[in-house]
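Hi,

Here is the structure I promised to pass on. Have a look at it first, and my notes follow below.

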Amino acid sequence: MNIYTWNINGIRARQEALSAWLESRKPDIVVLEEVKALESEIPDTITAIAGYRKFWNGSTFRKGYSGVGLLVRDGLFDDAHCEVPPFDVENRTLVLRAPQFTLIGAYVPRGDGAEHYAVKLRYLADLKAFIADLLAEGRQVVLAGDMNVALTEIDVHRSQNKPGATGLRPEERAAIGEHLELGLHDIVRELNPDKKDLFTWWPNWKFARERNLGWRIDCLYLTDALAEKVSGVSVDLDEKSSDHAPVSVELSL
């Protein structure tokens, strides 16, 4: 089973690229962040794609803002359902409850400005509490999404490693660290511990992507039993339609 996370940066702008990518990669599960559309605005070219159950938390908070989607291959689970959790803000979260695990698709707020930074920290705290409750129930968990935090120095290019910049601040890094302390594994980094150019997002500067001046902010975090079943991870650098690359984990279940 492969699970992808991809900040698509506008599903209407990316509808042709997404259709082609789904046909090429054939993911079992994909979490889409920054959909930037109401569910009623999802293009027919996407809703008509066969072979997937599709779930949306559309941009009702603000038109053309945030929003997440979840595509699950038909027949993958005998019994699974999807919901928007009670801690969700700004249409940023979907939770898939499947027999083998609970998957949380998250688009963490960027946190620009003092008010929105407080929203970000509260969201991360509520997300941690939600995961802690799942673990207390004995559930295995996959957290997949755009975390909007470069966790360590190696996760951001030195040209952008500026103290105090949003996404690099000690308290938001500590908040992600608290998620991992619950027992989650940052599996892409664990399997690439010393890789310095492992980035998933690039700013819209001229040639920033070509020069790989990026950040690693799109992540998959797994609980112990799932981490033990990982047979591979990847960052899909060939897909360049968004400013984020799709990131995946393959599980031998």
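Starting with charge: the chain has 30 positive and 39 negative charges, and their mean positions are 6 Å apart. Lys and Arg count as positive here and Asp and Glu as negative, leaving out His and the chain ends; each charge is placed at NZ of Lys, CZ of Arg, CG of Asp or CD of Glu.

Before you read on, the caveats: this is a predicted model, where local features need pLDDT of at least 70 and side-chain atom pairs count only at pLDDT 80 or more, while totals for chains, interfaces and linings use all residues. Numbering runs from 1 along each chain as its sequence is written, and side-chain values use heavy atoms, without hydrogens and water.

Now the overall picture. The chain has six helices and 12 strands (DSSP runs numbered from the N terminus: H or I of at least four residues for helices, E of at least two for strands). Its radius of gyration is 17 Å, close to the 18 Å that the globule rule gives for 253 residues, so the chain is as compact as a globular protein of that length. That radius is taken over C-alpha atoms, and the rule is 2.2 Å times the number of residues to the power 0.38. Along the principal axes, the C-alpha atoms fill a box of roughly 45 × 40 × 35 Å.

Of the 253 residues, 55% are buried (under 20% relative accessible area; exposed is over 50%, partly exposed in between, with a 1.4 Å probe and protein chains only). Among contacts (heavy atoms within 4.5 Å) with a separation of 6 or more, 68% link residues 24 or more positions apart. The accessible surface comes to about 11000 Å², 49% of it belonging to carbon and sulfur atoms; areas come from the Shrake-Rupley method with a 1.4 Å probe, and for residues only the protein chains shown count as cover.

On to the sheets. Six strands make an open sheet with mixed pairing, in the order β5-β6-β7-β8-β10-β9; strands pair if DSSP finds at least two bridges between them. β5 and β9 (185-186) are at the edges with a single partner strand each, so one side of each has no neighbour in the sheet.

Within that sheet, β6 (residues 93-97) has four of its five residues buried. Three bridges tie it antiparallel to β5 (residues 81-83), with Glu-83 partnering Val-95. β6 also pairs antiparallel with β7 (residues 102-107) over five bridges, where Thr-93 faces Ala-106, and the two strands form a hairpin with four residues between them. β7 then runs parallel to β8 (residues 141-146) over six bridges, and Leu-103 is the bridge partner of Val-142.

Glu-172 is buried, at 0% relative accessible area. Leaving aside residues up to four places away in sequence, Glu-172 touches Tyr-117, Lys-120, Leu-121, Leu-124, Asn-148, Val-149, Ala-165, Thr-166 and Gly-167.

Cheers
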